[in-house]
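Trainee: I have the model open and would like to know what the terms rest on.
Mentor: Ask, and each term will be set against its definition.

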Amino acid sequence: MAVTNQQVAELYVATFNRAPDADGLDYWVNLSGLTIEQIAQSFFDQPETQALYPAGNTDAEFVTSIYSNLFNRTPDAAGLAYWVNELANGNMTRSVMIEAMKDGALGADAILVANKAEVGLYYANAGLTGTDYSLASVTAYHSSVVAAETAIDNIVANGGDIAATGQTFVLTTGQDNVVGTTLNDTITGIVDGTHDTLTLGDSINGGSGADTLKLITDASTVNMGLATITSVEKAIVNDYTHSLTTLNIDNNAFAALTVDGIDNSTYINDVVGSTAVTLTNLGTSASAYVYFSDSSATALSGTVDGADSAYAEFNYANLTATTLDITLDVKNVMNSDVYEYADNNGNNTAVTAINTTINLTDATDSYVYAETYNASEGIERTATVTIANVDNSYVEMDDYHSTLSNNTINLSMSNSDGAGFEFYPYDDTNSVQSSGSTDTLNITLDNVTSVNNDSFIDVYDMENINVVVNGASVLDYIDAYSYGDGTYPAVQTYTITANADLTVNTIDVTDGGVANFTITGAGNVTFDTNGDNDGLTVDAAAMTGDLTLGAYSDNGASLDTIIVDVQSGSGNDTITLDTVQANVSTGAGNDRVDITGLDFGDALAGTLNGGEGRDTIVIANGALLYAASAANISNFEVLDFTAGIGTYDMSVEPSLKDVSANGYIAGAVTIDNAAADTKLSLDSFVDTDAITMALADATGTTDTLGMTVSATDTNTDTTADNESNAVIIATGYETINLTSNATTASVESSLGANDALTSADYNNTVDYDAANMTKLVIDGNAQATVTFTDATALTFVDASANTAGVNVDASTGSITGGVTFKGSAAADTYTSTANGDLIQTNAGADTVTLGLGDDTIRFASKTDSQMTLTDTTTPADGVADTMTGFDVITGFNTSGTDLIELSSLLNLATGDARADIIQKGAIGGTTAAAMQTFIGTGADFFSTGVVDRAVAFATDGTNGYVFVDVNHDGSYSAANDMVIELAGTTSFAVTDITFG
């Protein structure tokens, strides 16, 4: 059997604990021609192997070394006894044993071997040829694989240069004296309480390379103070069985320390302050406490890489350096808390600058806390905080008993949901700011969401806040309202660069000062402001995206201390105000300014200018639109009376042309002195209070009211929500054009059927009190239901341009004459007047209820009424279960003399075909199956045996059915001919038909 890359990579792991080089892997797999057993023997004969496993080692030492290489641990007693016995009894040689131990790995050991092999192959497949890439850092945790492969990527990026690897020294149970080479050596040892190889009196001198001490332990205590350790740059402690509770570093000056696998309450003591400490793979019971002893360190670094429901704490005490660089890196964590405390030695006056770096990445439900303690006034701080790929996790940075000045915080949040950042500078009791300090928060956002309103930024002591949005982002709030000690920034400056969309539910600005915003960019920006501020200015003139702003000032002081100035750009902007002392200019775009119940006729009122575009002003009470308020309002084309009440006099502001409302009104509304071409728009509107449209000049005879009713449904379910229902009084209008529309976010449900709603599934309702109306035209993509309180003069209803279907009840409204009704191409419902109507339903399965007059129902196309018989049984049995698609007429000839008009457009046969109808008799039942049987094949259905008639009639004993031979071939086919149901009618004659 051919040798595989995987087998050889595992053999490299077992024998050398390193990655195969690309050339070596290729040779053994593709060129050597050896079996895996022969390759194992060849490996064992190599000088590298003999150096690792000297012939003088006992069998127990040999087995222990292989366990360390393969499994990063010491052998359990049973395993050690088994393998030593195999060697002692001659059952296998040492070369064969390496392969056998690898193949016999189970559980976590097997995962570890597989992980090492994966990294080894990654190295070789990258084309790297160095023979010195150790796999000692790889563990059974996948994060170690990711880290190792990332390191390999870095090697490739740097041209494949790997620092020369020196020797690997294996500590023994005796007293060792290790003197390293000038290269990068590795010293490995075991602390298990039984076969300890790090022992009292050991001397370890790493030499001049970048050397690593690696200890594998299943003991509760590891004391590096037992040995004399010098010139070793890195220490790795693998807590394999999660037993470690105390790790004493003994002030050894390692540049880096990694502790892996803690799952206990563990104290790591006497760490030199300059040592970069990394805790990896913390378990669910882990509480790790790291205590640093060197107060003179300038660079402090702590890392947590991999934790689940764990706690970690880094403690730096009595710091005395002039400049401090503090780094806290937390990644790959879940349900975990990480704390860092930096104590500046009781208001250390030597420190002049503190630079903090905090990274929180790949985290879920986790919290990072970094505190600077006892920092004296005047110290300048720069902080860089990165939060990326997190879910419901946040960073808090506190200055306790500190008065740092001129803080600059650079915050980046990306690809996260529920990301948060807090900054609190405290003295003993309150938050304080250093005298004369100017503090800046620079925020970069990229794809941050807030599904549960849990993404936020909460800071004190900030005068300048700069936000750059590179990917669409949503925050619940940005809170920067005060210094926390009862004082506030006198001037607070916000700069927002919107390269993508930004939504912030609330920006809580300075209390008692002035907040100035400058907004630019093509992204859409949405936020409300809050705060007891004295003023708010927003300059978004250079912005091309849409600005949605709630400009709120909650100061309880007199009006002359509250000023809002807003200049928006070329987007479609929405500005909501709560003070009349506002000056708003919305520039280009279709903008909206909501003044709700504010009186802009007040002596202190500012001015509102809609600028270019079709702009809307929202006024909640007609009494607030009068000459004095109109003097401060200009260039608004639409009056929105949402939640409004009273009479709005359109004549006081000439720029106002159209009117609209969304949702509801507070009481009856009259739009007075409306122009002849004024249009009314209602969206998701439901209210029983009437809206009166009153013309300024009602003397004309061709005045038209354009009206749109809409349903805007933002829910993704399969229920039609937010349909409009309005009561309209139209005074002086002869024609009303009604558009019924809907937009929907509905999607298909989990039921598997395509049940997502379309606009045609929505039905908007209007009742008209319009005595002058003679013509009603209905169009749009949603259904419309129309009733009348007064439609005395109505003569024509034209719904032919509607695509969803209409329901018109002409029996209401005291209509005095007959009405001509033209239906839509969808299913319509029409109830006629008592005066004799002309009804053309057009396509769709229409329902017509006739009144007392002599009505005519006109059919002009075969598609106006066609029957479809459908077998809905699964599996199909060939028997029709439903019959649909045809028109149903109720009340035919019940009280008046009604006619079916078959238009000349049908091009029916003439002569004898029209002389009479053929009476087909009884259908034999009221079901679809009975109809299917009655029609049969349809052959010669219209034949008398002598001539083919154009019309046939049959009854099921309750209802009658008129069949029309549209293609005049004498036979019935569903695709080419018509069927009309006369509900409740059992007789029909040629005299009931008129041929056009």
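Trainee: Which residue in strand 30 does Thr-518 stand opposite?
Mentor: Thr-518 stands opposite Asp-539. This is a predicted model, in which local features need pLDDT of at least 70, side-chain atom pairs count only at pLDDT 80 or more, and totals for chains, interfaces and linings use all residues. Residues are numbered from 1 along each chain as its sequence is written, and side-chain values use heavy atoms, with hydrogens and water left out.

Trainee: What makes strand 28 and strand 30 a pair?
Mentor: Two strands pair if DSSP finds at least two bridges between them. Strand 28 and strand 30 (residues 535-539) are joined by 5 bridges, so they pair, and they run parallel. Strands themselves are DSSP runs of E, at least two residues long, numbered from the N terminus.

Trainee: How do you know that strand 26 pairs with strand 28?
Mentor: Between strand 26 (residues 491-498) and strand 28 there are 7 bridges, again parallel.

Trainee: Which residues of strand 28 form the covered face?
Mentor: Ala-515, Phe-517 and Ile-519 do, while Val-514, Asn-516, Thr-518 and Thr-520 form the uncovered face. In a regular strand the side chains alternate between the two faces of the sheet.

Trainee: Why are strand 2 and strand 7 called edge strands?
Mentor: The open sheet has the order 2-4-7, with parallel pairing. Strand 2 (177-179) and strand 7 (228-230) each pair on one side only. Strand 4 (residues 203-205) is joined to strand 7 by 3 bridges, and Ile-204 has Ile-229 as its bridge partner.

Terms used:
Buried means under 20% relative accessible area, exposed over 50%, partly exposed in between (1.4 Å probe, protein chains only). Helices (H or I, at least four residues) and strands (E, at least two) are DSSP runs, numbered from the N terminus.
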